[in-house]
Amino acid sequence: MLVKTKAIVISSLRYQEKSLIVKCFTESDGLKSYFIRDAFSNRKSSQKIAFFQPLNILEIEAAHKNKGSLEYFKEVKLAHPYYTVNTDIAKTTIVMFLSEMLHHCIREEEKNESLYHFLETALLWLDSHDEIANFHLILMMEVTKFLGFFPQKSDEEDDYFEMTEGVFTQFPSVSCLTTNETMLLKRLMTLKLDNSAKSFHVSERQALLKILLDYYAFHLDGFKRPKSLDVLKEVFS
């Protein structure tokens with residue numbers, strides 16, 4: 001079936017010497033993997049490889065067999081060329097980190113338009129704003145809504161967050177955050193991209209990043225911490 005859709009590049013992997021396997025989160029069909037034969041064979045092909053940088057937003061026409069195998073592109077172009085994401089070291093680092101994170105947490109080959117639209121809107125916001133130090137934290141928090149484990153809202157007297165159940169509680173247990181960590185998480189849950197500037201100190205951001213990665217690991221089997229985590233910490237230290 002020939003499909004025209006927008007797609008966000010999640011990852012790309014060189015296959016043998018000349019080919020490429022690209023994983024995309026598509027608006028029409030969710031997660032799809034595409035095989036690009038002879039992607040590195042000539043200059044014209046190598047120019048197109050730039051399309052498949054992490055979290056690029058594409059417009060594609062593709063043949064979808066929907067049999068769990070690799071699909072094939074017919075046409076590819078950039079839907080929204082970035083102006084700053086690929087030149088600003090902080091934004092490039094965030095994108096590298098988030099593409100790895102999404103690679104490990106988006107697994108189902110099924111349509112999820114609401115998640116697609118959220119990610120596209122967030123990436124365009126990143127490209128057009130400068131106060132981005134909390135961007136990755138807010139995005140990770142918001143994505144849990146679409147994956148089904150956004151924390152249950154708390155009552156004012158709930159001083160602890162229980163990680164395995166995703167609930168706030170008055171009584172601490174071995175799998176609870178400390179009161180200070182719980183307070184940080186509550187603050188993060190109230191933030192949106194447009195009201196997040198200077199919300200946390202560097203140490204608080206580092207603490208929240210660890211909390212979120214631990215939380216993902218609790219709720220997603222096989223979730224792996226992105227290899228680019230150390231680079232992200234260094235850039236925002």
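The dialogue below goes through some charged contacts and paired strands of a predicted model.

Modeller: Because this is a predicted model, local features need pLDDT of at least 70 and side-chain atom pairs count only at pLDDT 80 or more, while totals for chains, interfaces and linings use all residues. Residues are numbered from 1 along each chain as its sequence is written, and side-chain values use heavy atoms, with hydrogens and water left out.

Colleague: What makes the contact between Glu 142 and Lys 145 a salt bridge?

Modeller: The term asks for a side-chain nitrogen of Lys or Arg within 4 Å of a carboxyl oxygen of Asp or Glu. The closest N and O atoms of Glu 142 and Lys 145 are 3.0 Å apart, so the pair meets that limit. Nine salt bridges are found in a search of the whole structure.

Colleague: Why are Glu 142 and Lys 145 separated by about one helical turn?

Modeller: Both belong to helix α4 (residues 135-147), where they are three residues apart, which means a separation of about one helical turn. Helices here are DSSP runs of H or I with at least four residues, strands are runs of E with at least two, and both are numbered from the N terminus.

Colleague: Why is Glu 142 called buried, and what is Lys 145 called?

Modeller: Buried means under 20% relative accessible area, exposed means over 50%, and partly exposed lies in between, with a 1.4 Å probe and protein chains only. Glu 142 has 9% relative accessibility and therefore counts as buried, whereas Lys 145, at 38%, counts as partly exposed.

Colleague: How do you know that Glu 204 and Arg 187 form a salt bridge, and which parts of the chain does the pair link?

Modeller: Their side chains meet at 3.6 Å, N to O, a value that lies within the limit and therefore qualifies. The pair links distant parts of the chain, with Glu 204 in helix α6 (residues 202-219) and Arg 187 in helix α5 (residues 179-189), 17 residues apart. Glu 204 has a relative accessible area of 18% and is therefore buried, while Arg 187, at 30%, counts as partly exposed.

Colleague: Why is Glu 156 called exposed, and where is Glu 156 placed?

Modeller: Its relative accessibility is 76%, so Glu 156 counts as exposed, and its place is in the loop between α4 and β6 (160-162).

Colleague: How do you know that β1 pairs with β4 and with β2?

Modeller: Two strands pair if DSSP finds at least two bridges between them. Strand β1 (residues 2-15) is joined to strand β4 (residues 57-63) by seven bridges, and β1 is joined to strand β2 (residues 19-26) by eight, so both cases meet the rule. Each of these two pairs runs antiparallel. Lys 6 stands opposite Glu 59 in β4, and Ser 12 has Val 22 in β2 as its bridge partner.

Colleague: What makes β4 mostly covered, and which residues does Ala 62 face?

Modeller: Five of the seven residues of β4 are buried. Ala 62 in β4 stands opposite Val 3, and its bridge partner in β5 is Phe 73. Strands β4 and β5 (residues 72-78) pair in the antiparallel sense over six bridges.
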